[in-house]
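Open the model in your viewer and keep the sequence panel beside it. The stops below say what to select and what is there.

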Amino acid sequence: MKCFCVFLSLLMLIGLVSCNDVENANQNTVTELDITAFAAWLDSEGFVPAMSQSKMLQKMDNYTYNDVSVKKATVGYFYDGQYGGGYSSNGENFGFHNNYTASQNGETADYSNSFYTQVPLDGLTLPFEIEFGDTLRDALTKMGISQKLPSDFTPDKGEDSAMTLYSDERYTLVFNNLNLSKEPIETDAPYELIFTENYIFTRGNGKESNVTRTIKLTFTADQNELHEFHLQISENYPLK
């Protein structure tokens with residue numbers, strides 16, 4: 001009887017270790033990726049918390065396409081509302097946005113800057129030196145990921161089109177195959193690589209801000225080539 005109990009205990013321990021291994025494998029299926037390189041790129045490009053509207057406009061004046069800056073090549077406008085305002089600008093191949101919104105009770109505020117492009121821009125080198133014309137396989141190789149997506153696809157538990165490649169307390173990298181979505185999604189670029197960073201930032205007034213920074217690369221269905229590069233910095237912080 002004693003031997004049986006010991007045997008049963010060993011089985012339970014092995015099962016527990018196996019479950020943990022599966023869970024960890026699902027969270028971090030890539031171990032060779034330097035996930036911090038995304039955040040380092042955002043820092044080097046100046047896409048950081050508390051980035052002012054004027055800094056955002058200046059940044060868009062530094063990126064050019066056919067010798068014309070993104071700022072000048074897009075149609076932009078300032079806007080104001082009861083609880084905030086911002087600047088929005090869109091063009092044929094790229095666009096950018098700045099927005100500030102205070103809550104109706106005046107206790108918190110949301111602030112964001114975002115930018116996207118579907119063409120290569122002078123003055124802009126993408127993370128891991130990924131380029132327009134690169135395929136999804138090319139991008140993964142440059143990132144140090146050996147998986148052959150979308151063929152090597154295993155969805156997260158409870159998901160149909162999302163696969164977590166990396167996850168820790170601060171960073172995540174997710175691959176989406178929108179072709180597998182249960183709800184039909186019409187898009188010419190169904191493959192997505194989405195990096196997300198969440199952390200706390202102390203603003204100049206000493207208030208703590210909840211920061212989320214994202215980078216999304218989308219790839220076409222036909223040639224699997226890079227279709228769009230998109231980034232966003234969002235903050236939520238107390239006003240009182």
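The tour goes from the whole chain to the sheet, then to a helix, the core and some single residues.

**Whole chain**

This is a predicted model, in which local features need pLDDT of at least 70 and side-chain atom pairs count only at pLDDT 80 or more, while totals for chains, interfaces and linings use all residues. Residues are numbered from 1 along each chain as its sequence is written, and side-chain values use heavy atoms, with hydrogens and water left out.

Colour the chain by pLDDT, the predictor's confidence in each residue, from 0 to 100. The average is 90, and 87% of the residues score at least 70. Now select residues 2-26: the pLDDT there is below 50, and beyond near neighbours in sequence the stretch has one contact in the model (contact means heavy atoms within 4.5 Å). Where pLDDT is low, the predicted coordinates should not be read in detail.

Switch to a cartoon view to find five helices and 11 strands. Helices (H or I, at least four residues) and strands (E, at least two) are DSSP runs, numbered from the N terminus. Of the 240 residues in the chain, 40% are buried; buried means under 20% relative accessible area, exposed over 50%, and partly exposed in between (1.4 Å probe, protein chains only). Among contacts between residues at least 6 apart in sequence, 51% join residues at least 24 apart.

**The sheet**

Select the strands in the order S3-S4-S5-S6-S11-S10-S9-S8-S7: these nine form an open sheet with antiparallel pairing. Two strands pair if DSSP finds at least two bridges between them. S3 (75-81) and S7 (162-167) stand at the edges with a single partner strand each, so one side of each has no neighbour in the sheet. From one strand to the next, the twist averages 15°.

S3 and S4 (residues 84-90) run antiparallel and are joined by seven bridges. They make a hairpin, with two residues between the strands. Show Tyr77 and, opposite this residue in S4, Ser88.

Then move to S8 and S9, an antiparallel pair with seven bridges. Thr172 has Thr196 in S9 as its bridge partner.

**Helix H2 on the sheet**

Which strands does H2 touch as it packs on the sheet? They are S8, S9, S10 and S11, and the direction of H2 makes about 105° with that of S10. For such angles, axes are lines fitted to C-alpha atoms, for helices over the stretch in contact, and angles run from 0 to 180 degrees between N-to-C directions.

Select H2 (residues 36-45) and show the side chains of its buried residues, Phe38, Ala39, Trp41, Leu42 and Glu45. They span an arc of only 155° around the axis, which puts them on the same side of H2; the arc is that of the directions from the helix axis to the C-beta atoms. Just after H2, Gly46 has a positive phi of about 85°.

**The core**

The largest nonpolar core holds 47 residues, and those with the most contacts inside it are Phe47, Phe115, Leu173, Leu193, Ile215 and Leu231. Such a core is a set of buried Ala, Val, Leu, Ile, Met, Phe, Trp, Tyr and Cys residues joined through side-chain atoms within 4.5 Å.

Centre the view on Ile215. Beyond four places in sequence, its contacts include Phe38, Trp41 and Leu42, along with Leu193 and Leu231.

**Single residues**

- Thr214 lies in S10 and, at 21% relative accessibility, is partly exposed. Its C-alpha is 8.1 Å from that of His230, 16 residues away in sequence.
- Ser112 is in S6 (residues 108-117) and is buried, at 18% relative accessible area. Leaving aside neighbours within four places in sequence, it contacts His97, Asn98, Asn99, Ile233 and Ser234.

Finish with the backbone. Most residues other than glycine have a negative phi, and most peptide bonds are trans.

- Phe128, in the loop between S6 and H5, has a positive phi near 60°.
- Asn224, in the loop between S10 and S11, also has a positive phi near 60°.
- The peptide bond from Leu149 to Pro150 is cis, with omega near 10°; Pro150 is in the loop between H5 and S7.
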